[in-house]
Structures are given as C-alpha cells and as structure tokens.
Amino acid sequence: MHLRRREPEEFRPRYRYFIVAAIVIFLTIFIRLWYLQVVKEQEFRLLSENNRIRLRKIPAVRGMIMDRRGRIFVDNRPSFNAMVMPEDVDDLMGLTKRLSEFLDIHPAGIEHQITARDRPPFHLVTIERDISWKELSLLKTYGLDLHGLEISIAPIRMYPHGKVAANLLGYVGEIDKEELKRKKNYKMGDCVGKCGVEWTWEGYLRGIDGGRQVEVDAVGREMRILNQVRPLPGHNLYLTIDLDLQRHGEKLLGEKAGVIMAMDPTTGEVLAFCNNPSFRPALFAGGISTKEWEELVSHPLHPLQNRGIQGLYPPGSVFKIVTAAAGLEEGVITPETSLSCSGIYYFGKRGYQCWRRGGHGTVNLYRGLTESCDIYFYQVGERLGVERLSRYAKGFGLGKPTGIDLTGEKEGLVPTAEWKRERLGEPWYPGETISLAIGQSYILLTPLQLLNVISSIANGGVLLKPQIAKRVEDVDKKVLVEYQPQEIARLPISTENLDVIRKALVGVTEDDHGTGRAVRLAGVKIAGKTGTAQVIKLRGMGRRPRPEEMPYGSRDHAWFVAYAPPDLPEIAVVVLVEHGGHGGSAAAPLAREMIRKYLSLKRGEK
Amino acid sequence: MIDRKSWAQLDGKLIILTLVLMTIGIVNLYSATINLPGGEFPFYQRQLFWLGIGVFFGLLVFLADYRYYEEFAYPIYLLALLSIVSVLIYGIVVGGAQRWIRIGFFNLQPSELMKIALILALARHFARYEMREGYGLRDLIIPAVITLLPTLLIAKQPDLGTALVLVFILLSIVMFVKIRFRSLLILLTVVILATPFFWVALKDYQRSRILTFLNPDMDPLGAGYHIIQSKIAVGSGGVWGKGYLHGTQCKLQFLPEHHTDFVFAVLGEEWGFIGCGVVLALYLALILWGLNIGMKAKDRFGTILAFGVTAMIFWHVIINVGMVLGIMPIVGLPLPFLSYGGSSAVVHLMGIGLLLNVRARRHIF
C-alpha cells in the first residue's frame with residue numbers, strides 16, 4: 001500500500017458544479033416528461049387508442065425483364081387486393097357475409113383468416129389478391145360501411161408474351177415462412193422471386209418498398225397522411241435472350257416435350273432457352289389457386305421443370321465427340337486408324353450391335369463420326385478404358401454444373417468404376433465402357449451441358465460460363481452491372497485434334513452418308529452431331545422397332561447439337577426432343593430452323 | 001484488505017436504492033414481456049438470474065480493498081481490451097452486430113466490461129499524475145489513447161451507444177480532474193472540426209438514426225416510427241398512467257426493443273408521470289449519493305473511481321431516457337437496472353460494488 005497519500009481536498013469545491021449540472025440535466029428530462037405526459041396527454045392518448053398511427057406499405061414496382069434488344073419479357077400492372085384489418089372489424093358476421101357474396105369465397109374461409117391467432121397485431125390480412133373490376137366496384141360501392149375492409153393497390157407481374165420463356169424467367173410469389181426466417185429485410189406478405197431469373201436477380205429486381213405513416217380514425221379509416229416515403233423501383237434486367245429466336249424455338253417445339261437452346265459460342269451468351277411443356281407465369285402473379293397448383297405439379301410431363309438445366313438424359317451418340325477427342329489425345333487412335341464394322345461387335349460373350357445392321361465396313365474416325373458408327377467407337381472405348389473416358393468427359397464440363405446463374409441446376413453423372421463400387425456396390429464391367437463410349441450406360445447430362453460442349457468446340461476449345469444476363473440498368477438507364485464472358489476451362493484437346501473433329505462434324509450434315517444430311521441449309525454450312533439416346537435396353541438381336549411402334553415412354557430421345565457457320569461460328573444450338581426417336585430426323589431439322597431463323601434475324605437487323 | 005470490518009461498513013442507503021430500482025425493473029419487465037415468447041424461462045425470471053449473478057460480482061468487487069484495483073488497473077484494462085479484440089474475431093453476430101462472445105452457457109458482451117475497466121485505468125492514470133494547476137492537452141494524450149482504442153473497436157462492432165458512453169466517461173473525468181481552460185477550448189474546436197470525418201466512418205444505420213433524430217420525418221418507417229411510437233406510449237400514460245399491465249402501445253410490438261432499450265416507455269405508459277418521476281428521482285438520488293461517496297473518499301484514486309462509476313450510470317440514464325422521450329438519438333443503450341440484459345446488469349452492479357467499496361474504506365488509514 002502506498003502510504004504517501006493525502007486526502008483529495010482539491011476536488012471538494014468542484015463537486016458543487018457537478019451536483020448542479022446533474023440536477024439541471026435531470027430537470028430537463030423532467031420537463032420533457034411533463035410536456036409529453038401532462039401537456040400533450042390527450043393528444044397522445046387519442047393516438048394510442050386502437051393504434052391510430054399506422055404504417056402502410058407502398059410496394060415498390062419490380063424491375064422489368066427485357067430481351068437482349070430491350071423488348072419486354074416481364075412488365076408490371078396495377079392490381080387491387082381486398083384486405084382486412086382484423087382489429088378494426090366490429091361486425092365480423094356482416095363483413096364475412098358481404099365479402100363472400102362479392103368475392104365468391106366461402107364465408108368460413110374468410111372468417112378463419114380474420115380470426116387467425118398466429119398473426120402479428122395490426123397486420124393486414126389478404127382476403128383476395130388481384131380482384132376483378134367488377135369485384136372492385138362492388139366493394140367500393142357497397143363496402144364503405146364495412147369497418148375493417150381495405151382495398152390496397154399493388155403492382156403485380158404481367159407477361160405480355162404469355163408462356164414465352166416461362167421456365168427461364170421463373171415466377172414471383174408471396175414470401176413463405178421458411179424464406180422469411182432466412183432472409184433479412186423481408187416482411188410477411190412481401191413478394192419474392194421464387195425461381196429462374198426472378199430468383200437469381202431478386203436483389204436487383206426487387207426495389208425498395210416505401211411506406212406511409214397514416215393517422216386513422218377509431219374505425220380504421222385513413223384520416224391524414226403524416227409522412228410518406230416513396231418506394232424506389234427495382235432495376236431493369238436485360239437478358240441475353242433474343243425474343244424472336246426464343247419464340248421461334250418454342251414454336252418449333254410445338255406440342256413436343258423437349259428443349260431447344262442456342263448460344264453465342266464466342267461469349268457464352270444464351271440466345272434462346274426454350275422448354276416445353278411450360279406454364280403461364282401469370283398464374284402465380286396474383287397468387288396461384290390450390291387447384292391450378294395441383295394441376296401443374298401432377299402433370300405427367302412436369303411443366304415446372306426447367307429441362308435445360310434440370311432434365312437429365314443420356315447423351316447417346318453426341319457423346320462420340322468426347323470419345324473421339326479422348327481417343328486422339330490419348331493416342332489410341334489417329335485420324336487414319338481404320339477399324340472394321342460388320343454390324344455387330346463381340347465383346348466377352350455378348351454381341352454389341354451397330355445402329356446400322358449391315359455394318360459400315362472399314363471405318364476411320366471421319367466416317368465414324370459422320371455416319372455415327374457405333375462399332376468404331378466401341379473399339380475406341382475399349383482401348384481407352386472407363387477411367388480415361390470419364391476423365392475426358394469431365395474435362396468437357398460434364399458431371400458438374402455449368403455455373404449458369406439459375407437455381408436448381410443439376411450436375412449430371414459421369415460414371416467411373418469407383419462411383420459404381422460406392423453407389424451400386426458392384427464392379428465396373430468392361431462391357432459398360434463400350435456402352436459409355438456411345439453415350440449410354442449410366443452417363444447423364446443436361447441439355448445445357450451439351451450446349452456448352454458444342455459451343456466450346458465451335459469456339460476453338462474454350463468452355464465458357466453460360467450467361468443469361470447482359471446487364472442491369474436502373475430506371476434512369478444507368479448501367480449498374482455489365483456481365484462479361486467468363487472462361488471456365490479449356491477443353492483437354494489440342495488444336496490439331498479439334499480440327500479433325502470439327503471437320504467431321506461438318507461432314508455429318510454435308511456428306512451424302514452423314515446422319516445429319518437432312519439439315520442442309522442453302523448458303524451456310526452447318527456442323528453438327530446427331531444423337532439417339534436409348535431410354536430402355538432392348539434385348540435380343542432382332543430389328544429395332546420404329547419409334548411410333550413403341551409406347552411413348554420407351555421411345556428414344558432425339559438429340560442434335562450444331563453450330564454455324566463452321567469456320568467462324570456465331571451460333572451453337574442444342575435440340576432435345578424427349579422420346580422423339582432418331583436425332584437425325586426428329587431433332588436435327590429443328591436445329592436447322594433455329595439457325596435459319598438466327599441468320600434471317602441477323603440479316604434483317606443489319 | 002478483506003476483513004470482517006468491511007461488511008459492517010456496507011452502505012445501507014446505496015444498497016436500498018439499488019434494490020428498489022432492481023425491484024421496479026423486474027416488476028416493469030414482467031409487464032413489458034408478458035406477450036413476448038421467451039423460450040424456456042420468461043424474461044423476468046432470466047433477468048432475476050442475471051441480477052443474482054450481478055449481485056454476486058458486485059459483492060466480489062466490494063470485498064477486496066479498492067486500492068488493489070489501482071495496482072491491477074492496467075492488467076484489467078488490457079484483459080478487457082483483449083476480449084474486445086477477440087469479439088471482433090470470434091464473436092457471434094446478433095442482429096447484424098458483432099458484440100457477443102460465448103462463454104460457457106451465456107453470451108458475454110465484453111464492451112460492457114470495458115466500461116468498468118476504462119474507469120479503473122483512467123482513475124489510476126489521473127490518480128498517479130497529479131496536476132494541481134490543471135491538465136494540459138499533452139497530459140491528456142495517454143488517457144485519450146486509453147479511451148479511444150476500445151472506443152474505436154467497439155464502434156466497429158458496431159455498438160455506437162457503448163462507444164459513446166466510453167467517450168462521455170473520459171470527458172466527464174477530464175472535466176472533473178480539471179483541465180486547463182485553454183486546453184478545453186482547443187479540444188472543443190478539434191472535436192467540432194473532426195465531426196465530419198467521424199460522420200463518414202459511421203455505418204449507414206447509425207447515420208440514419210442520427211439524421212432521424214435530427215429530423216424525424218426523414219425515416220418515418222424505421223427509426224422515426226420508433227421515436228413516434230415511443231413518444232405516444234409515454235405521452236398516453238398521462239399523469240397517473242394506464243395502470244400496471246394495462247399498457248397497450250408497447251406490447252403491440254411497435255417498439256421492437258421495448259424490453260431492452262425502450263423499457264422506459266413501458267414504465268411511462270403504465271405508471272405515468274408519477275411513476276416516471278419517482279424512478280427518475282431514484283436515479284438522481286443514486287447519482288448524487290455517488291458524487292458524495294467520491295467526495296468523502298480518502299485518496300485520489302478512490303475519488304476519481306467513484307466519480308467515474310457515477311458518470312457511467314448518469315450517462316446511461318440520461319441517454320436512454322432522453323432517447324425514449326425523443327430528445328436524444330437512438331443509440332441503443334440499456335437503462336441501468338431496468339432494461340433486460342445480463343451484461344448490463346452485471347456491469348452496473350459491479351459499479352455499485354465499487355461505490356460500496358470506496359464508501360466502506362473511507363475511514364481506513
């Protein structure tokens with residue numbers, strides 16, 4: 001302890017000041033308290049009754065979604081919603097009765113909503129969204145004396161082109177309880193992008209809600225506006241999609257279930273993203289009814305599924321491009337290597353057929369690709385083995401998501417021996433390598449992955465991230481974000497070997513024996529590859545039945561991938577017709593029409 | 001020195017004042033949180049538990065002679081500083097702010113403990129470096145560094161309220177130990193000039209809160225709405241209040257923090273001007289008594305320590321009540337003994353423990 005201490009006399013006189021200061025400051029608080037609680041008591045008491053000062057949301061207008069040339073995909077329109085403030089309801093019976101008459105809803109449902117317990121106090125309850133003009137005029141005319149009823153105006157989504165690009169655009173809906181827990185800055189009843197582009201760009205599209213502080217009278221009628229904050233509209237999004245090409249693709253698909261997608265191989269921009277069957281996103285704008293929802297989810301062809309990124313299919317012969325690349329790069333074949341095809345290839349105890357029963361005779365790589373000789377690729381696959389083959393498949397971006405900015409993208413499956421041991425508990429059989437070489441066995445991929453493969457072959461070997469957004473602009477047309485091409489990887493193939501394959505892909509359509517010879521187009525050459533993916537294994541050695549002789553679900557999927565022009569490609573296309581039969585006849589003509597449309601649009605534009 | 005005599009020296013007045021405020025706090029908290037889902041235990045029970053912990057720590061602080069704290073003031077300060085740094089690194093984020101660190105079963109808020117640690121450090125510094133003719137600017141560099149280091153770290157969490165209190169504690173102590181008049185003028189000028197830079201460093205929500213305070217029309221949907229609802233709650237209480245458990249405004253969740261930072265609004269609505277007046281008078285009595293304890297202390301350290309603790313309680317009360325009544329910006333500070341919250345209860349009861357300590361040892365020399 002320190003002993004050299006003096007009593008701190010020096011502070012004594014200063015204490016007086018601090019005591020006075022403390023008392024004065026407390027006095028200020030007292031005066032303020034007196035002002036609020038005594039002088040202004042009546043005013044505040046009135047305001048506190050029935051919560052007279054309320055906040056009303058003014059929802060922001062969601063940003064528009066445009067195509068690459070600024071044509072509107074998704075817009076907004078005003079809508080009227082019938083709401084009820086339960087705290088203001090004095091005659092519940094009367095209110096539910098009138099509302100059920102005007103809106104044609106069961107009164108029990110309305111009463112249940114209004115009297116629900118798990119609701120924050122003074123929170124508006126939505127009785128019906130997007131009411132019709134007739135309902136609005138009924139409510140406005142006869143609903144004036146119904147205390148608690150409120151009509152709110154809110155912008156909702158409008159789709160000038162109906163179903164066009166629905167799976168890509170996605171839809172919006174009221175935020176659900178789960179999302180509410182995860183997301184900050186959202187309140188009950190807010191609108192939120194549920195999937196597709198609406199989901200990904202939610203942050204830009206949403207805007208900032210405004211609000212009004214209003215004073216209401218004892219029965220909830222708005223007396224005056226105390227304060228107002230204007231909402232800030234969301235930002236506008238420009239997609240890479242070309243509206244004309246998109247519509248054309250959807251028209252080409254018609255009633256057929258399938259996918260048509262087009263991409264600019266130099267940038268990775270997706271030009272068309274067609275999916276059939278799809279849905280009318282407008283159904284969701286005003287709140288979808290249970291019945292309509294049931295219909296959508298129980299539809300056998302799954303219209304809500306975005307096949308381009310969520311549908312998984314075996315690639316069939318299109319995969320021969322990968323097998324060829326692997327064979328050349330690994331040196332198990334050269335472009336000149338000739339292998340013989342007699343229509344059937346025996347491996348182990350089994351015979352593996354070529355699609356052409358009579359066989360192709362002596363085949364080199366060029367003919368193997370143009371005529372899609374299965375037996376040629378059986379032998380390449382056998383020489384490669386499963387590990388090398390699947391390594392190349394992964395090198396081409398298969399078995400993992402492309403990274404497109406959409407939710408729910410599937411990664412597909414590139415089988416390996418290890419995978420099979422782990423998942424199925426069985427060893428890999430060499431015969432399965434033979435199937436894998438022609439894109440069968442366990443391999444699964446999405447149409448977008450295949451589009452990415454053909455696009456990277458078109459651009460000389462660069463795997464690009466598929467882009468669907470060009471830029472985001474605010475309402476004053478100021479560019480906020482500009483999306484740039486993004487390289488993911490390089491294909492594991494040399495330029496020389498790539499040229500060999502590219503030459504053969506032109507032969508697919510140009511040669512008289514090419515499997516895609518049906519798709520020639522005057523004025524421009526098309527490089528492509530057909531694929532016919534078996535859905536079920538056919539036993540026996542007999543003639544393979546024609547598609548129309550089989551039940552729909554057992555028919556082959558028809559593939560065609562293409563790009564044009566071959567020397568300086570501007571467009572890459574993938575076509576998948578589910579259970580469409582032969583790629584060369586069912587899918588290839590659609591790809592040709594897409595390319596034709598693209599070229600005519602380009603000519604018209606410039 | 002821990003001895004039997006110190007128990008006999010326990011200051012009955014201070015203890016009774018504190019107990020009364022704590023009781024009012026629990027009673028009020030019961031009403032404030034009656035509609036709040038509180039998990040396993042209701043809020044008032046949890047707060048009772050915290051007060052129990054606080055009383056334990058307060059007595060612990062009381063037992064050892066405060067002159068030991070002078071010896072260990074700097075190590076204690078460094079420890080607190082370290083825990084603040086660790087909060088920035090390991091802390092858990094609650095409501096967008098990183099203020100808490102999890103220790104065993106409860107979340108500790110080291111920035112609260114820093115208040116006590118800073119008072120100890122400043123008291124030691126000014127006790128050892130005596131300046132009869134008043135401190136000049138150069139003498140204030142070390143105290144300023146001692147204060148600003150934790151202040152900036154805490155402001156970064158962000159916890160503007162606590163950061164503000166630390167600065168206010170420093171300023172109060174500096175005024176108390178006597179600053180030269182010329183230095184005071186220079187200091188004021190610097191503060192005024194530095195304000196714009198400080199402004200830039202604030203987070204968006206902090207800026208909007210201050211702006212809203214200056215002009216409540218600016219953000220009528222967020223903080224502006226809170227101020228208005230808080231004023232309606234207090235004002236509608238009138239002279240006599242709406243009666244215990246009969247408040248409506250606060251419980252309807254218009255005030256999201258009505259059991260923590262806005263708990264005074266609940267009191268105002270239910271107990272009216274009379275109730276608020278009594279509580280404020282109790283706070284004033286506590287503060288005047290705290291000043292008295294400082295005045296009677298036997299050494300410089302004890303005097304400055306008691307003054308610092310009193311200043312801490314004073315600023316909490318003034319800023320919090322001022323905020324609820326709409327005459328101070330919303331900075332998020334608890335009201336001592338009334339607001340729900342463990343760290344605040346523990347720290348303020350430790351403060352009371354220090355006051356008792358200084359009081360009890362005023363004759364020992």
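**Close-up 1. Cys373(A) is a buried cysteine, with a relative accessible area of 1%.** Buried denotes under 20% relative accessible area, exposed over 50%, and partly exposed the range in between (1.4 Å probe, protein chains only). The model is a predicted one, in which local features need pLDDT of at least 70 and side-chain atom pairs count only at pLDDT 80 or more, whereas totals for chains, interfaces and linings use all residues; side-chain values use heavy atoms, without hydrogens and water. Residues are numbered from 1 along each chain as its sequence is written, with chains lettered from A and ligands numbered from 1 in the order in which they are written. Over all chains, a search of the whole structure returns 0 disulfides, a disulfide being a pair of cysteine sulfur atoms within 2.5 Å. Cys373(A) is in no disulfide, and the nearest cysteine sulfur, that of Cys341(A), lies 3.7 Å away. Cys274(A) is likewise in no disulfide; for Cys274(A) the nearest cysteine sulfur belongs to Cys195(A), 17 Å away. Cys274(A) counts as buried at 1% relative accessibility.

**Close-up 2. An open sheet of 5 strands in chain A has the order S12-S11-S23-S22-S21, with antiparallel pairing.** Strands (E, at least two residues) and helices (H or I, at least four) are DSSP runs numbered from the N terminus, and two strands pair if DSSP finds at least two bridges between them. Strand S12 (269-276) and strand S21 (527-533) of chain A are the edge strands; each has a single partner strand, so one side of each is left without a neighbour in the sheet. On average, neighbouring strands of this sheet are turned by 5° against each other, direction ignored. Within the sheet, S11 (residues 258-264) and S23 (residues 571-577) of chain A are joined in the antiparallel sense over 6 bridges. Gly258(A) is placed opposite Val577(A) in S23(A).

**Close-up 3. Helices H19(A) and H20(A) pack at an angle of about 110°, their axes being 10 Å apart.** Axes are lines fitted to C-alpha atoms, for helices over the stretch in contact, and angles run from 0 to 180 degrees between N-to-C directions. H19(A) is therefore roughly perpendicular to H20(A), a class covering 65 to 115 degrees, with angles under 35 counted as roughly parallel, over 145 as roughly antiparallel and the rest as oblique. Ile454(A), Ile457(A) and Ala458(A) of H19(A) make the contact with Leu498(A), Arg502(A) and Leu505(A) of H20(A), where contact means heavy atoms within 4.5 Å. H19 (residues 447-458) of chain A lies across S11, S22 (557-564) and S23 of chain A, at about 150° to S23(A). H20 (residues 495-510) of chain A lies across S21 and S22 of chain A, at about 70° to S21(A).

**Close-up 4. Strand S10 (residues 236-239) of chain A carries buried residues pointing both ways.** Asn236(A) and Tyr238(A) point one way, Leu237(A) and Leu239(A) the other. S10(A) runs parallel to strand S2 (residues 65-66) of chain A, to which 2 bridges join it; Ile65(A) has Leu237(A) as its bridge partner. S10(A) is also joined by 4 bridges to strand S18 (residues 469-473) of chain A, in the antiparallel sense. In S18(A), Ala469(A) is the bridge partner of Leu239(A).
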